[in-house]
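This report describes one protein chain for a reader who is new to structures. Please look at the sequence and the model first, and then read on.

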Amino acid sequence: MAKRDFLVFDQFLTKSFSEGVYERELRLSPEELTFAKGKFPTATFRKTANRKYKDQREWYHVSLIQPSIGTKDIETRRIKEENIRLKKEIERIKKRHKIEQ
């Protein structure tokens, strides 16, 4: 991509995420994707379709909003998952005891 093209694309990205817009779907070429990741290093880029077009562009859901998962949230989720696992194990033991009696 030529330098002028990068300047135009940079302006497009700036306008795309202005006035309170933090999420968008964009069809990006590999070069544009690399540029956008450099401009917004903390953004998430998720492919929304598995189709590649002739111009090599693909659709991406771009989000500038950071997930709010802190260490406390991760620990809480881990504890909940462990509780579910233990409840299932207790139910299996109860069923096994009933069968043996």
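## Terms and basis

Two strands pair if DSSP finds at least two bridges between them. Helices (H or I, at least four residues) and strands (E, at least two) are DSSP runs, numbered from the N terminus. The model is predicted: local features need pLDDT of at least 70, side-chain atom pairs count only at pLDDT 80 or more, and totals for chains, interfaces and linings use all residues. Residues are numbered from 1 along each chain as its sequence is written, and side-chain values use heavy atoms, with hydrogens and water left out.

## The chain as a whole

The chain has 3 helices and 3 strands. Read from the N terminus, its elements follow the order α-β-α-β-β-α. Of the 101 residues in the chain, 18% are buried; buried means under 20% relative accessible area, exposed means over 50%, and partly exposed lies in between (1.4 Å probe, protein chains only).

Contact means heavy atoms within 4.5 Å. Among the contacts in the chain with a separation of 6 or more, 54% are made by residues 24 or more positions apart.

## The sheet

The 3 strands form an open sheet in the order E1-E3-E2, and the pairing is antiparallel. E1 and E2 are at the edges with a single partner strand each, so one side of each has no neighbour in the sheet. On average, neighbouring strands of this sheet are turned by 30 degrees against each other, direction ignored. For such angles, axes are lines fitted to C-alpha atoms, for helices over the stretch in contact, and the angles run from 0 to 180 degrees between N-to-C directions.

E1 and E3 are joined by 6 bridges, and E2 and E3 by 4 bridges. E3 is mostly covered, with 5 of its 6 residues buried.

Helix H2 covers residues 30–39, and its residues Glu32, Leu33 and Ala36 are buried. Viewed down the axis of H2, the buried residues fall within an arc of 100 degrees, so they line one face of the helix; the arc is that of the directions from the helix axis to the C-beta atoms. An α-helix has 3.6 residues a turn, so residues three or four places apart point the same way. On the face of H2 turned away from the buried side are the exposed residues Thr34 and Gly38.

What covers the buried residues of H2? The cover includes helix H1 (3–16), strand E1 (23–28), strand E2 (44–47) and strand E3 (58–63). H2 lies across E1, E2 and E3, and runs at about 145 degrees to E1.

## Phe9 and the aromatic rings

Rings of Phe, Tyr and Trp (its six-membered ring) pair if their centres lie within 6.5 Å; planes under 30 degrees apart count as stacked, over 60 as edge-to-face and the rest as tilted. A search of the whole structure finds 4 aromatic pairs. In one of them, the ring centres of Phe9 and Phe35 are 5.8 Å apart and the planes are at 65 degrees, so the pair is edge-to-face. This pair links distant parts of the chain, since Phe9 is in helix H1 and Phe35 in helix H2, 26 residues apart. Phe6, Phe9, Phe12 and Phe35 form one aromatic cluster.

Leaving aside neighbours within four places in sequence, Phe9 is in contact with Leu28, Glu32 and Phe35. Phe9 and Glu32 are 23 residues apart in sequence, and their C-alpha atoms are 7.8 Å apart.

Lys47 is found in strand E2 and is partly exposed, with a relative accessible area of 44%. Leaving aside neighbours within four places in sequence, Lys47 is in contact with Glu58, Trp59 and Tyr60. The C-alpha atoms of Lys47 and Glu58 are separated by 7.3 Å, and the two residues are 11 residues apart along the chain.

Arg27 lies over the face of Tyr53, at 4.3 Å from the ring centre. A charge sits over a ring if NZ of Lys or CZ of Arg is within 6 Å of the ring centre and within 35 degrees of the ring normal.
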